[in-house]
Amino acid sequence: MVISEDLLWDAADKGTPTVPRLLRTAVTAGCAALFVLALWAYSDATWAACAAEAYVLTEIAYRVWDRRRLVEVRIVVGEADGRAKLRLRQAGGRTTEHDPRQVARVLIIRDNVVDSAQLRLRLHGKRVLFGRPGRPPAVTTWRRTCPRAHIRERNAWWGMPGVPD
């Protein structure tokens, strides 16, 4: 077990781009509303209203999902018992600490084109936590920290033409 403050996962983008997404959603909803009001009496413009609603709902769902993504995973020493803990920080600002023995599965998906990776982390009895894209971590550190976890890495299933997968 590693008992130092090591960084296991570090996302490239840790911020929450709220303002551009809200502006984009508001402009789309406003333009669609004006379009529907202007053409409602003259034609069947319900498709525009449905498209705008679908876009706004998709943006809201993505925002809720993105706030729960991991941006940082650290090994820290617990204050109470002095044992190592995993500190998980999400994009929305929530930070939780877990025992490394509770980690059931770690999957690191390396990108074929750029030097980045994605993280999927499952704790026993909990949902899968997704990490924002970041630099590929050292798998050996994950194996030493979480001895009971099934730790695996693989290349992405997609790529660019001419680049072997």
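Is Arg127 buried, partly exposed or exposed? Please go on from there to the aromatic rings.

Modeller: This is a predicted model, in which local features need pLDDT of at least 70 and side-chain atom pairs count only at pLDDT 80 or more, while totals for chains, interfaces and linings use all residues. Residues are numbered from 1 along each chain as its sequence is written, and side-chain values use heavy atoms, with hydrogens and water left out.

Arg127 is partly exposed, at 39% relative accessibility (buried is under 20% relative accessible area, exposed over 50%, partly exposed in between, with a 1.4 Å probe and protein chains only). Arg127 sits in the loop between β6 (117–123) and β7 (128–130) (strands are DSSP runs of E, at least two residues; helices are runs of H or I, at least four; both are numbered from the N terminus).

As for the rings, there are 2 aromatic pairs (centres within 6.5 Å; planes under 30 degrees apart are stacked, over 60 edge-to-face, the rest tilted; Trp is represented by its six-membered ring). Tyr62 and Trp65 form a tilted pair, with centres 5.9 Å apart and planes at 50 degrees. Both belong to helix α2 (residues 46–67), where being 3 residues apart separates them by about one helical turn. Tyr62 is partly exposed at 34%, and Trp65 is partly exposed at 38%. Trp65 also pairs with Phe130, again tilted, with centres 5.9 Å apart and planes at 55 degrees. Since Trp65 lies in helix α2 and Phe130 in strand β7, this pair ties together parts 65 residues apart in sequence. Phe130 is partly exposed, with a relative accessible area of 29%.
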